[in-house]
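These are my notes from looking through one structure. I wrote them in the order in which I looked things up.

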Amino acid sequence: MRVGFVGLGLMGLPMAGHLIAAGHEVAVWARRPASAAAIVEAGAALCATPAELAARSEVVISIITTSVDVEQLALGPGGLIEGFAPGGIHVDMSTIAPGTARQLAARYAERGVGWLDAPVSGGEIGAREATLAIMAGGAATVLERVRPLFACLGRTVVHVGEAGAGQVAKACNQMLMVNVIQACAEALRLAGAHGLDAGKVVEALAGGSAGSRVLDVMGGRMARRDFIAGIQARLHHKDFAILMEEARQVGAPLPVAVHTWQQLNALMGLGGGRLDTSSLLRVLESPLEKLS
Amino acid sequence: MKVGFVGLGIMGRPMALNILKGGYDLTVWARRAESMAPLLAAGAKGAGSPAEVAASCDVVCSMVSDAADVEQVALGASGVADGAKTGLVFVDMSTIAPAAAQKIAAGLAERGVTMLDAPVSGGEVGAINAGLTIMVGGDAEAFEKVRPVLGCMGKSVTLIGGPGAGQVTKACNQILTGVTVVAVAEAFNFARKSGVDAAKVREALLGGFAYSKILENHGQRMLDRNFKPGFKAWMHQKDMNIVLQEAHRLGLMLPNSAATAQVFNALAGSGMGEEDSIAALKLFEKLSGD
């Protein structure tokens, strides 16, 4: 398939690589062309604008940072929408606001262009090993057309619902995950205050009812005092603004999540935005100490 | 001095009427023509757009719902900036995020208009009685120029600091009122569920360090089970959202505001958004086995 790819960061670069390896004709566009050097060397074509990329692609996949970035990519000057032929598909795998996803889907629909919001869970490791969990929102017919591409990127693909539904699922994922990271931090703070070896506590709990992937991975990082990203906390912080806004709009109280958000705010205030989210432990241990 | 007023809703209408009562020559505009009728009947002139209001005025006040509306009125097509004469002062009295107020002020400054952010506290009653508290951010000279106009609408008019400072103060006001309303509701629920008369608790506490106007006034309305607004729960929800968005932007930990915002979310989500925010009491009662 002729595939366009935008967003060659820690996640996007290995994902684009998998598509090339699977024999797809991949082209890319990058805001800074230098960031595309590695993928061009691996065989991707380089386009000058998103519109040019869309014009030569059946499907364009994007994985970038913010709602504004995705909006700009799609609708800005020289944006994807200017280049897509009817029947083209934009698959956005970024984590953005569900409302933005719905708006973009509607704008594309006016031109006969398909849309999927397909955010992922699994992080950099999942992207490298092609084991991502993909949660898709949009029309089932569109999903069926891009399934062969998803098969190169991830292990599970769940069609959650209409446009925006993938992003709602991702918001739930982020809330659940970071709430549990905060719970791990609190547990290890309590253990540490009693002079316990955090590694032993993680090991002991992992076998029981409190065992979880977050406890294994993030609890492990906390125990090893390995606070270098990993997942930069500022990205989880961004996600919480999205999910709390969704909660406000529908009038859903999220009493635990809102406190996790405040702990993330504190982590940002202490200068830890570029550290791994396991640094939430350090907000509890030394709230008076700058982290950078 | 000729005065303009844009936005004639529950708050804006009585505020504009009080400017007329103060003897000023007043020009008004509202999105819906019927909102303008009571002002025109009282002697104000009507205009076809915010730009038209600005063209005939030295000061233009606005009272609208959110930042997008303020931006539209100030900088949009046929907005205030399009019609403004040199030296016009635009006074936005809506409650919006401080960052949004600063951005709009900067946009207006580029087009030669000075903006003051001047949100108010005191609700509809304060607007009618000209008893509003007005918290102002922006240029001191512009503030002195418009102070007499603001004096028609409120008793307490204070310049706090530069652009956005009025909105920061309003956000502080909403933190304190929101958290305190919820605290009073919690205390009354706690008292009643412990078998103690909440009215007696209120009376006893009014003399001590826990005294507050909210304990006195909102507390009494809780005891009377009078949940009519007042200040609607969804509006407090909107204002707490501004607080939490700013906290997010600045990296601030506001645990009590955060919890309070969830109470207002719950009120909005369970169909009590149109009631006064003291309906928090009913929510806590339900969640405590009522």
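I needed a definition before starting: two residues are in contact if their C-beta atoms, placed from the backbone, lie within 7 Å. I also noted that this is a predicted model.

**Entry: where the chains meet**

I looked up the contact between chain A and chain B. It takes 18 residues from chain A and 19 residues from chain B.

**Entry: chain A as a whole**

I counted the elements of chain A: there are 14 helices and nine strands. Next I looked up the dimensions, and the C-alpha atoms of chain A fill a box of roughly 65 × 45 × 35 Å along the principal axes. The radius of gyration of chain A is 20 Å, which agrees with the value near 19 Å for a compact globule, because that is what 292 residues would give. Of the 292 residues of chain A, 49% count as buried. I also checked the contacts in chain A between residues at least 6 apart in sequence, and 63% of them join residues at least 24 apart.

**Entry: domains**

For chain A the domain assignment gives domain 1 (2-162) and domain 2 (168-285). The centres of these two domains of chain A, taken over C-alpha atoms, are separated by 29 Å. Eight residues of domain 1 of chain A are in contact with nine residues of domain 2 of chain A. The domain 1 side of that contact in chain A has five nonpolar, three polar and no charged residues.

**Entry: one strand residue**

Is A:Met135 buried or exposed? A:Met135 lies in strand β8 (residues 132-138) of chain A. It has 26 other C-beta atoms within 10 Å, so A:Met135 is buried, the cut-off being 20 or more. Leaving aside neighbours within four places in sequence, I found A:Met135 in contact with several residues, including A:Ala118, A:Pro119, A:Val158 and A:Lys170. A:Val158 is 23 residues away from A:Met135 along the chain, yet their C-alpha atoms are separated by 5.1 Å.

**Entry: the nonpolar core**

The largest nonpolar core has 192 residues. Those with the most contacts inside it are A:Val28, B:Val28 and B:Ala280. Helix α9 (residues 165-193) of chain A gives the most to this core, with eleven residues. I followed up B:Ala280: apart from neighbours within four places in sequence, B:Ala280 is in contact with B:Val181, B:Val182, B:Ala185, B:Val263 and B:Leu267.

Helix α9 (residues 165-193) of chain B has 29 residues and reaches 42 Å from its first C-alpha to its last, close to the 42 Å expected. After α9(B) comes B:Gly195, with a positive phi near 85°.

Helix α12 (residues 233-250) of chain B has 18 residues, which should span 26 Å at 1.5 Å a residue, and its end C-alpha atoms are 26 Å apart. Among the buried residues of α12(B) are B:Met240, B:Val243, B:Leu244 and B:Ala247. The buried residues of α12(B) pack against α12 and α13 of chain A together with α9 and α13 (255-269) of chain B. α12(B) is followed by B:Gly251, whose phi is positive, near 70°.

Most residues other than glycine have a negative phi, and most peptide bonds are trans. I looked for exceptions in chain B.

- B:Ala130 has a positive phi near 55°. It is found in the loop between α7 (123-128) and β8 (132-137) of chain B. B:Ala130 counts as partly exposed because it has 19 C-beta neighbours inside 10 Å.
- B:Arg225 has a positive phi of about 50°. It lies in the loop between α11 and α12 of chain B. With 9 other C-beta atoms within 10 Å, B:Arg225 is exposed.
- A cis peptide bond joins B:Pro229 and B:Gly230, with omega about 10°. B:Gly230 sits in the loop between α11 (213-223) and α12 of chain B.

Conventions:
Residues numbered from 1 in each chain as written. Chains lettered and ligands numbered in written order. Predicted model: local features only at pLDDT ≥ 70, side-chain atom pairs only at ≥ 80, totals over all residues. Domains from an automatic or database assignment. Nonpolar A, V, L, I, M, F, W, Y, C, P; charged D, E, K, R; others polar. Helix = DSSP H or I, 4+ residues; strand = E, 2+ residues; numbered from the N terminus. Rg over C-alpha atoms; globule rule 2.2 N^0.38 Å. Buried ≥ 20, exposed ≤ 12 C-beta atoms within 10 Å, placed from the backbone. Core = buried A, V, L, I, M, F, W, Y, C linked by C-beta atoms within 7 Å. Expected span 1.5 Å × (residues − 1).
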